[in-house]
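Let us walk through a protein model together, one feature at a time. Keep the picture open and look up each residue as we come to it.

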Amino acid sequence: MNRPSIIRENKNRQMKSIFTLFVFSLFYFTSAQSQDSYSLLWDRYGSAITSAENLYTLHAATYAFKDRYLKHSYWDESTKKGKALGIGYRLGKTVLVDFQIDYFAVLFQHEVFGHGYRYREFGFERNSYNILVGPPYSKGGGFASRGRSLRDIYLDEHSTMSFGGSESNTVFANTIRDYWWTTNTISYSSTLLYGMTRHDLTRYILRTKYLEERGDVVAYAIFLKERENADGQSIIDDAARHTLINLLDPYSYIAGIAYLKYLINAEEEMTLPTLHLGNVDWLPTVQFNLTPFGGEFQLVNSFRTQRTMWHTTFRHGDNRFENFWGIGGQWLQLPSKKLQVGATLDLWQQPSSRIGRAGADSEIVTRDGLGGRVIGHLRLPLTQALQMRADVGYKTTGYTLGEALDRGLILRVGLSFVSPTE
């Protein structure tokens with residue numbers, strides 16, 4: 001019988017883990033010939049945003065280590081028999097090895113840096129997490145358990161904790177997408193990971209709707225029902241219908257093509273296909289996410305020139321209960337060995353929220369109206385292989401993907417590894 005691994009939050013253990021990850025990643029990325037630039041970041045609560053960067057770095061380092069000893073092909077595949085054996089070998093390696101690495105990253109992000117991030121943000125201590133390895137070694141799965149709370153927890157916070165796991169993997173998928181844009185390539189190692197993170201929410205919603213599973217989505221429906229005095233089943237039905245828009249995501253199909261190229265021909269990388277507007281590369285996508293106020297649709301346009309990339313985002317609520325919207329943009333210089341700068345700006349119109357605040361004894365009802373977020377991005381060269389990275393900004397009270405609900409300073413700092421070949 002397979003027992004879940006139990007992870008308990010401990011600051012000293014977290015620091016040791018970060019140091020181990022740093023050493024492991026430093027060894028591989030200062031000796032690798034990859035064109036990627038990976039980062040290790042820290043912030044106050046161990047947010048989904050920093051963990052997505054850190055887990056992707058660990059994921060890439062693990063694949064680099066694995067690929068040194070498990071090659072993509074071991075024999076001549078110019079014949080039909082050789083090709084069939086090669087495809088079978090790579091498919092077996094995907095299931096028995098690669099999928100396990102991807103599955104752990106997705107589950108760890110979901111539990112520890114999704115639900116767990118929101119627990120830490122809202123003042124819970126001594127949280128724990130149970131994680132099983134994936135099929136076929138185990139049935140898989142996991143869950144997060146809250147510790148004791150240092151203050152009262154309010155309705156919109158309960159709602160945000162319920163969908164925090166899938167929210168964190170949406171952040172993870174966006175991070176992977178950004179790496180594809182900065183390098184203009186898709187590595188086979190990130191293809192399944194992208195599909196699993198991008199469609200984590202859709203999978204949860206559809207399993208709840210059609211398999212009648214009780215879990216995060218049911219909990220979300222209960223809290224939203226209480227907030228809006230609505231029918232819980234209709235909330236799930238609407239979410240199941242709206243989440244199908246995520247199946248229109250072009251990056252998912254691009255990732256599928258890249259993986260098939262690896263499976264059939266052992267191709268490790270594929271150039272990111274885009275549309276072209278003169279000298280500008282462009283690709284749009286659509287997303288459906290959850291918020292404390294109901295479902296939200298996003299239209300994201302990504303662009304790249306020779307030295308910069310930027311994203312524009314338009315957000316709009318499903319208008320079932322509340323009218324809310326948002327617009328935003330992010331501009332970044334592409335990785336290099338020189339000083340890099342960038343900026344993120346978001347503006348939104350949202351309904352009021354009911355949340356708590358550290359040190360406060362009562363519920364805070366935030367103002368209905370405009371809010372926003374602004375962040376400056378900086379990468380400062382330290383050596384030929386290392387850069388200091390800092391994201392500094394401020395947000396008002398309100399919900400935006402991966403950030404704290406309350407107003408406050410945004411600070412994420414760390415290191416980026418720049419490969420010697422850049």
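This is a predicted model: local features need pLDDT of at least 70, side-chain atom pairs count only at pLDDT 80 or more; totals for chains, interfaces and linings use all residues.

Residues are numbered from 1 along each chain as its sequence is written, and side-chain values use heavy atoms, with hydrogens and water left out.

Let us begin with the spaces. On a 1 Å grid over the protein atoms alone, a cavity is a set of points where a 1.4 Å probe fits but cannot get out, whereas a pocket is an open set with protein on both sides within 12 Å along at least five of seven lines; lining residues have an atom within 4 Å of a point. Grid points are joined across faces, edges and corners, and a volume is the space filled by probe spheres set on the points.

The second largest pocket has a volume of about 1000 Å³. Its lining is made of 46 residues, and those nearest the centre are N174, D178, H311, Q330 and L332. Which helix gives the largest share of this lining? Helix α4 (residues 155–183) does, with eight residues. Helices (H or I, at least four residues) and strands (E, at least two) are DSSP runs, numbered from the N terminus. By class, the lining of this pocket has 13 nonpolar, 20 polar and 13 charged residues. Here Ala, Val, Leu, Ile, Met, Phe, Trp, Tyr, Cys and Pro count as nonpolar, Asp, Glu, Lys and Arg as charged, and the others, Gly among them, as polar.

The largest cavity has a volume of about 90 Å³. It is lined by 13 residues, with L224, I235, D238, G295 and D318 nearest its centre. Helix α8 gives the most to this lining, four residues. The lining of the largest cavity divides into seven nonpolar, three polar and three charged residues.

Next, look at the aromatic rings. A pair of aromatic rings is described by the distance of the centres and the angle of the planes. Rings of Phe, Tyr and Trp (its six-membered ring) pair if their centres lie within 6.5 Å; planes under 30 degrees apart count as stacked, over 60 as edge-to-face and the rest as tilted. The structure holds 20 aromatic pairs. One of them is the stacked pair of Y188 and Y262, with 4.0 Å centre to centre and 20° between the planes. This pair links distant parts of the chain, 74 residues apart: Y188 is in the loop between β7 (185–187) and α5 (191–198), and Y262 is in helix α9 (residues 250–265). Buried means under 20% relative accessible area, exposed over 50%, and partly exposed in between (1.4 Å probe, protein chains only).

The rings of F293 and F324 make an edge-to-face pair, because their centres are 5.4 Å apart and their planes lie at 70°. F293 is buried, with a relative accessible area of 1%, and F324 is buried too, at 2%. Back at the tyrosines, Y63, Y188, Y259 and Y262 form one aromatic cluster.

Finally, follow the backbone. Most residues other than glycine have a negative phi, and most peptide bonds are trans. A cis peptide bond joins P135 and P136, with omega about 5°, and P136 is found in the loop between β4 (128–131) and β5 (142–145). E212 is not a glycine, yet has a positive phi of about 55°. E212 lies in the loop between α6 (200–210) and α7 and is exposed, with a relative accessible area of 68%. N319, also a residue other than glycine, has a positive phi near 65°. N319 sits in the loop between β12 and β13 and is partly exposed, at 36%.
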